[in-house]
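Biologist: Hi! I'm new to this one, could you walk me through it?
Modeller: Happy to, let's bring it up and go piece by piece.

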Amino acid sequence: MPDDRTLKELYDREAWFEGGERGGYRSYDVQSASSAALTAEILNRFPDRGGDLSVLDIGCGYGTHLRLAADRQWKCFGVEMSAHARKVASQRHGDRLNLVEHVEDLIPHRYDLILMLDVIEHLKDPSSLFFTLFSKGAIGPETLVVIATPNARSAEAMVDPVSWVYRHPPSHLVYYSAKSLEVLLHRLRFREVRIYGTSPLSQLHEVRFGDEPPSVNDDLGGFAGIIGEAQGSDFAEFMRARYVPGTWSKLSEYEHVPRYLFAKGLAAGANVLDFGCGTGYGAASLAEVAGSVLGLDIEEAALQWAREMHSNPKLRFERRSDLGKGLPPNSFDLVTCFEMIEHVGLAAQIETLRIIASLLTPSGKLVISTPNPRVTANYGANPHHVREMTETEFLELLKPHFKHIFVMKQWVHPSIRITADTVPAERPTHIGSLTSGETPSPPLAYVAVCSQIPFDIPSDLCVVDTLAEVPHETIHMERKLNTLRIEKYELRERFACCAQAAEARLRQIEAQLAALENSREVKLGRLVRHEPFSLRKFGKMAYLLAAMIAPTRVKRLLYPFVRKARTWLGASKTVAPYVIRQAKCVAPERRRVVHAIANFYMGGSSRLVVDLIERLGHLYEQLVLTSAIPDAPAYAGAHVIEKRQWATVDEISECLISLRPDLVHVHYWGDLDRPWYEKVILAAERYGCPIIENINTPVEPYRSDKIARYVFVSDYARNLYACRGDRSAVVHPGSDLDLFSPRSGSPAARDTIGMVYRLEPDKLSPHSIDVFVKVAQRRPGTKAIIVGGGTYLEMYKAAVRSAGVSEQFEFAGYVPYEDLPGLYSRLAVFIAPVSRESFGQVLPFAMHMGIPVAGYDVGALAEILGSRDLLAPPGDSLALASIVVDLLEDRQRGYLIGRHNRERAAALFSVEAMADKYRTMYAEILHEAK
């Protein structure tokens, strides 16, 4: 087994999480997507308790699972030994997560959920981990523990264990079958244990070990992994009532184990009775030298533990409730009774001593101990101790039953050894003391040797813990305490009690800024300042001024002309409509969904509707309700109903009654179309079917108690508008990534950078071109492609001319959708110099093409990329240019980042993944509405 230092050095490296080495990850974010889905499913089982739930993720990695819980207002704790992973998790999630390196560093706390996903196989001794958790009170009867691990009895593992994909030492140390995982959890006294398979294998082989009895393994051979869910453990109470080696503190070990070491010196060849043997660790120790050992206890649970943990032909365990009265008299040479006698009252104590005396041979000895009440008072009340005794009371209890009694005292003191031997030698040892005084510390327990005949006074026992590193542990603890004290003081000084209020206020301000950025007044100001004068600019100004000052009645009269003006102002050229592929094989009884969208023009929201029609058409009949269809339709093949802006709520209600939808899916973007959306939602409320509201742009949602789900394009957008709880969800927009795939056999792009955006103020700023100019100036051989048109196009061209790098730039303008992959394939780095971004589909396009993406750290960019490594501070074009130049000069790094991007995009941002989430959401909402 590798030591702890070797393992820490292995996991501390970034390459373990991103390097693709055996046993590690090619991309942690991509490869943890499946466990993130499992985590989301588990979290959904818990009711919303307003921030009162807590989760502990052991081996939390980058904090992916914890973030899902944090989004649901859980208190989140993580244990991660890797310094690299903790750093990434802290950068991504900040103070939303409480992260520590070791389980021992956790604060005492009872968790509702504990996750160990692909972790237990990395542990040398999982029992010690659980013992620590129980000792901290982390696991109670209601705590749900979820463990995921490779299946050591899968068909693949059985057919070829040497080449098994999960066999990669030194990282994987212990492997589990479903049966062994079940045994471990039952041994830890979990009453409710469920083991099931995950990741089905494509090929099955009927392979079993011939000597393996039928078990849960038989049904799970077709799964690469297994998941164990356990709940209802009372192990914390079990170990409080009796000592279990490895639990509690080192002090407990110093208290309990040396008594048996002392008795072991009297047990050679003897018939021994361990009275009140508990979990059997002491009886097992005595059996190493004794002729026979009988462990006696009243508690069957303790004896079951003892039988499972200790095996020796000279050792047996027996349950008796008669204090041993039924055992043959005069049959034991030695009886041990450690820390038992105080668990019963005076009458039972007297009877116990009487029976023990009768069980001993004439020359037999009793070695018995009981704690000193002066010391146990430091531990607090112990409900299991019925009658503790002073030394005088202890002697008074023993004297009536034994003629010869010698009481010894047990202390636990630090020791210092000066010797040539690693192990203490059998020779006289000088014992000294560093302190002096008239009042020495009290012993923690009394140990008495009792017999009916005289005996030699036993030698003193001095146990030296040769593995304890007292200097290291003392210094480490002192430093840790000082660090925590200082940190606690600084945090209190800096944040006091206003952290949550500051966060709420920040979100409120961001929402207000987003609303202002999209207001007509700000749009008009940008138009006046930045766009060169033209008839198109004049038309836009007239449109915005009319929208600001015209009465509602006038707007309705002018709407037909406005619609035509919109088309003229926004269009670059007419393209053939996209023909929607309707499902051929449909379910016998499809439910009906009406998509409400203010206009069915070419655009992201309209494309989402089309994707859902194509992907879910076999399950749901889908219609489109809109206020505007372009004269040259952008999409053909859908059932579209037009209800203009001036339609009343009653008219739209009548429309819904005639359509009879089971669900209305509103694709909301507010702005000038807010009145139409409001009428649609009011009509849907009146009709009485469930409503989904997508918020596809950074605008304040339309709030209503009747909205079944608010769907945001990113966590950033959801957090921006503080829309949490069961009624909010995040569904990343999906794209047809098959179109945006690297072309087979094409040479890798070199020394070309670019972006694909509408050159408008809603995403970009007048200075977004600066990063391209700086890169071109630093690298005269680098080319830049700017795809898109709009307000800033001429301004960007002027900036490029002024910098003297025009020959390095290509302004492609607007291009057809199907031509985009060819332009992407020319890029070595995609740049996102945006000033705001709630999602941005152009990034997944680039990612699936295998292109590194760099940009400013704004909005949802870090969420999309899964990292902030290639993001510069907002607006810092010099820093972003340096990131881009480094990528261009390190082609190998660019290749690895591109490969990671492709895997991440495929896992998270495909149209199939998006449609599957909506399919699940539709089913859930329709089920809730029954």
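Biologist: How many bridges join β11 to strand β12, and in which sense do they run?
Modeller: There are 6 bridges between β11 and β12 (residues 360-371), and the two strands run parallel. Strands here are DSSP E runs of at least two residues, helices are H or I runs of at least four, and both are numbered from the N terminus. Two strands pair if DSSP finds at least two bridges between them.

Biologist: Which residue in β12 does C337 stand opposite?
Modeller: That is I368.

Biologist: Which strand has V335 as the bridge partner of L273?
Modeller: V335 sits in β11. Strand β8 (residues 271-275) pairs with β11 over 3 bridges, in the parallel sense.

Biologist: Is β11 largely enclosed or open?
Modeller: Largely enclosed by the rest of the structure, because 6 of the 7 residues of β11 (residues 332-338) are buried. Buried means under 20% relative accessible area, exposed means over 50%, and partly exposed lies in between, with a 1.4 Å probe and protein chains only.

Biologist: Before we go on, where does the model come from?
Modeller: It is a predicted model, where local features need pLDDT of at least 70 and side-chain atom pairs count only at pLDDT 80 or more, while totals for chains, interfaces and linings use all residues. Residues are numbered from 1 along each chain as its sequence is written, and side-chain values use heavy atoms, with hydrogens and water left out.

Biologist: Good to know. How many helices and strands are there?
Modeller: The protein has 33 helices and 29 strands. Of its 930 residues, 48% are buried.

Biologist: What is the strand order in the open sheet of 7 strands?
Modeller: The order is β3-β2-β1-β4-β5-β7-β6, and the pairing is mixed. At the edges are β3 (97-100) and β6 (192-200), each pairing on one side only. On average, neighbouring strands of this sheet are turned by 15° against each other, direction ignored.

Biologist: And how many bridges join β4 to β5?
Modeller: Strand β4 (residues 113-117) and strand β5 (residues 144-150) run parallel and share 5 bridges.

Biologist: Which helix lies across β1, β4 and β5?
Modeller: Helix α7 (residues 126-135) does, running at about 155° to β1 (54-58). Axes are lines fitted to C-alpha atoms, for helices over the stretch in contact, and angles run from 0 to 180 degrees between N-to-C directions.

Biologist: Switching to helices, how do α31 and α32 cross?
Modeller: The axes of α31 (residues 877-889) and α32 (residues 891-908) come within 5 Å and cross at roughly 100°. They are therefore roughly perpendicular to each other, a label used for angles of 65 to 115 degrees.

Biologist: Which residues meet there?
Modeller: D886, L887, L888 and E889 in α31 meet R891, R893, G894 and I897 in α32. By class, that contact has 3 nonpolar, 1 polar and 4 charged residues.

Biologist: What about L908, which residues does it contact?
Modeller: Leaving aside neighbours within four places in sequence, L908 is in contact with A33, H732 and A913, where contact means heavy atoms within 4.5 Å. L908 is found in α32, and it counts as partly exposed because its relative accessibility is 25%. Between L908 and P733 there are 9.3 Å in space, C-alpha to C-alpha, and the two are 175 residues apart in sequence.

Key:
Angles under 35 degrees count as roughly parallel, over 145 as roughly antiparallel, 65 to 115 as roughly perpendicular and the rest as oblique. Ala, Val, Leu, Ile, Met, Phe, Trp, Tyr, Cys and Pro count as nonpolar, Asp, Glu, Lys and Arg as charged, and the others, Gly among them, as polar.
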